[in-house]
Amino acid sequence: SKLWLPERFARVARYLGDKYQLPTVVVWAGDREETWADFIVTHAGGHAWKAPDTTLPQLAELLRLARICVASDTGPLHLAAAVGTPCVALFGPTLPTVCGPYGDNHRSVQAYYQDGPGRRRADNLAMQAIEADAVMAACDEVLATLSDTQAA
């Protein structure tokens, strides 16, 4: 119920590469996520690379070095926020006001809140309703905030 579509992650990676010359590193864990990571890299127009298999400390360091993290409400998102990386957080079955990353350098994107028991949320409709354009706009906001901070 927290899975965003790989083709939308690929579109965001292309956008960040084209507009900001920011490469995307796609992190993953397990066979299913590795398949999705391969898909994202293949469809990101040369702007994404697949991270190697990482330990938790390696993942934390990779996220610390990132300029921005785009992720669903999962462990890597919260780890990125914990190490100080600005985040664009995607929410479907959880509320950003309750589960969102703490701090001013983050933006949360939610098309609508999909409440209810796990079986009702298993269709993943709330996450699928998040459009890539909304995520790209949130990335623009985060990156503009960072640029403003760096200029000051």
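Colleague: What should I know before I start?
Modeller: The model is predicted, so local features need pLDDT of at least 70 and side-chain atom pairs count only at pLDDT 80 or more, while totals for chains, interfaces and linings use all residues. Residues are numbered from 1 along each chain as its sequence is written, and side-chain values use heavy atoms, with hydrogens and water left out.

Colleague: Which strand does strand 3 pair with, and in what sense?
Modeller: Strand 3 pairs with strand 4 (residues 87–90) in the parallel sense, over four bridges. Pairing takes at least two DSSP bridges between the strands. Ser72 has Leu90 in strand 4 as its bridge partner. Helices (H or I, at least four residues) and strands (E, at least two) are DSSP runs, numbered from the N terminus.

Colleague: Are the faces of strand 3 covered or open?
Modeller: Both are covered. Cys69 and Ala71 are buried on one side, Val70 and Ser72 on the other. Buried means under 20% relative accessible area, exposed over 50%, partly exposed in between (1.4 Å probe, protein chains only).

Colleague: Which residues have the most contacts inside the largest nonpolar core?
Modeller: Trp4, Val12, Val88, Leu90, Val135 and Cys139, in a core of 20 residues. Such a core is a set of buried Ala, Val, Leu, Ile, Met, Phe, Trp, Tyr and Cys residues joined through side-chain atoms within 4.5 Å.

Colleague: And which element gives the most to this core?
Modeller: Helix 8, with eight residues.

Colleague: New topic. How many salt bridges are there?
Modeller: Seven. The rule is a side-chain nitrogen of Lys or Arg within 4 Å of a carboxyl oxygen of Asp or Glu.

Colleague: What does Asp140 pair with?
Modeller: Lys19, with the closest N and O atoms 3.6 Å apart. Asp140 lies in helix 8 and Lys19 in helix 1, so the pair ties together parts 121 residues apart in sequence.

Colleague: Which residue does Arg107 bridge to?
Modeller: Glu141, with the closest N and O atoms 2.9 Å apart. Arg107 lies in strand 5 (residues 107–109) and Glu141 in helix 8, so this pair joins parts 34 residues apart in sequence. Arg107 is partly exposed, at 23% relative accessible area.

Colleague: Last one. Is Val98 buried or exposed?
Modeller: Val98 counts as exposed because its relative accessibility is 58%. Val98 sits in helix 5 (residues 96–99).
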